Amino acid sequence: MFSKKLFGQRILEQRKKQKKTQQDLANLLGVGKSHISEIEHGNRTTTAEKIAQICDYFKVSADYLLGLSDNPKPRK
């Protein structure tokens with residue numbers, strides 16, 4: 001089951017792991033830094049298109065970000 005909190009935690013985890021700032025991610029998605037903060041705190045989600053961009057940017061699977069899998073590696 002989808003959890004905004006887990007979604008946000010995984011984005012935060014990947015962002016910090018790859019030493020990116022909220023502003024870096026906001027620039028990629030064309031949103032404000034506060035939007036990224038709200039996602040990371042589990043208060044907001046985003047569109048499927050933006051989730052695909054995040055997955056490509058961090059090289060993780062959508063299933064992982066969405067909490068459907070614990071394996072962050074994208075399928076080939």
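Q: What is the accessible surface of the protein, and what share belongs to carbon and sulfur atoms?
A: In this predicted model, the accessible surface is about 4900 Å², and 50% of that area belongs to carbon and sulfur atoms.

Q: What makes up the secondary structure of the protein?
A: Five helices and zero strands are found, and from the N terminus the order reads α-α-α-α-α.

Q: Why is the protein called as compact as a globular protein of its length?
A: The globule rule gives 11 Å for 76 residues, and the radius of gyration is 11 Å; the two values are close, so the description holds.

Q: How do you know that the span of helix α1 agrees with its number of residues?
A: Helix α1 covers residues 4–17, which is 14 residues. At 1.5 Å a residue these should span 20 Å, and the end C-alpha atoms are 20 Å apart, so the span agrees.

Q: Which residues of α1 are called buried, and why are they placed on the same side of the helix?
A: Buried means under 20% relative accessible area, and Phe7, Gly8, Arg10, Ile11, Gln14 and Arg15 are buried in α1. They cover an arc of only 160 degrees around the axis, and therefore lie on the same side of α1.

Q: What do the buried residues of α1 pack against, and what does the face turned away carry?
A: The buried residues pack against α2 (22–29), α3 (33–40), α4 (48–58) and α5 (62–65). The face turned away from the buried side carries the exposed residues Lys5, Lys16 and Lys17.

Note on methods:
Residues are numbered from 1 along each chain as its sequence is written. This is a predicted model: local features need pLDDT of at least 70, side-chain atom pairs count only at pLDDT 80 or more; totals for chains, interfaces and linings use all residues. Side-chain values use heavy atoms; hydrogens and water are left out. Helices (H or I, at least four residues) and strands (E, at least two) are DSSP runs, numbered from the N terminus. The expected span of a helix is 1.5 Å times one less than its number of residues. Buried means under 20% relative accessible area, exposed over 50%, partly exposed in between (1.4 Å probe, protein chains only). The arc is that of the directions from the helix axis to the C-beta atoms. Contact means heavy atoms within 4.5 Å. The radius of gyration is taken over C-alpha atoms; the globule rule is 2.2 Å times the number of residues to the power 0.38. Accessible areas come from the Shrake-Rupley method with a 1.4 Å probe; for residues, only the protein chains shown count as cover.
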